[in-house]
Amino acid sequence: MAYNEFLADRVSQFFREKSIHYNAKKMFGGFVFMVDDKMCVGVMKDQIMARINPDIFEASLLKEGCKPMDFTGKKMKGFVYLSDEAIDLEEDLHYWLQLALDFNPLAKASKKRKSSKK
């Protein structure tokens, strides 16, 4: 199992309840939720990856179950992994998902790759 499907369903349910339009795709060995063509939240194995405001990044790391995303071996400011301790309760999961949604309008979209036409 590359990602926890139950956890992905919990995220989907939250977005549906909030009427958030999103696209979901498999990437990085997990399942990523794109909002406004920007990576917002992902499910990687049994944890959530959330893109939050870099201004609250350090303070967020003090919360139980929150650690920096280090996908490349280097800390990525504004991206956190959330273990079960941080997201077990619905209200806790919703807190983190809302932080990611709140930051999304401020986040920069990744550069689109130019397709090579032959």
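Is Phe31 buried or exposed, going by its relative accessibility? Phe31 counts as buried, at 17% relative accessibility; buried means under 20% relative accessible area and exposed over 50%, with partly exposed in between (1.4 Å probe, protein chains only).

This is a predicted model, in which local features need pLDDT of at least 70 and side-chain atom pairs count only at pLDDT 80 or more, while totals for chains, interfaces and linings use all residues. Residues are numbered from 1 along each chain as its sequence is written, and side-chain values use heavy atoms, with hydrogens and water left out.

**Aromatic rings**

Rings of Phe, Tyr and Trp (its six-membered ring) pair if their centres lie within 6.5 Å; planes under 30 degrees apart count as stacked, over 60 as edge-to-face and the rest as tilted. The count by this rule is 7 aromatic pairs. Two of them are tabulated here.

| Pair | Centre distance | Plane angle | Class |
|---|---|---|---|
| Tyr3 and Phe31 | 5.1 Å | 20 degrees | stacked |
| Phe31 and Phe33 | 5.4 Å | 80 degrees | edge-to-face |

Tyr3 lies in the segment before helix 1 (5–17) and Phe31 in strand 2 (residues 30–35), so their pair ties together parts that are 28 residues apart in sequence. Helices (H or I, at least four residues) and strands (E, at least two) are DSSP runs, numbered from the N terminus. Tyr3 is buried at 12% relative accessible area, and Phe33 is buried at 0%. Ring pairs join Tyr3, Phe31 and Phe33 with Phe14, Phe15 and Tyr22 in a cluster.

Glu64 sits in the loop between helix 2 (57–60) and strand 5 (66–68). Glu64 is exposed, with a relative accessible area of 59%.
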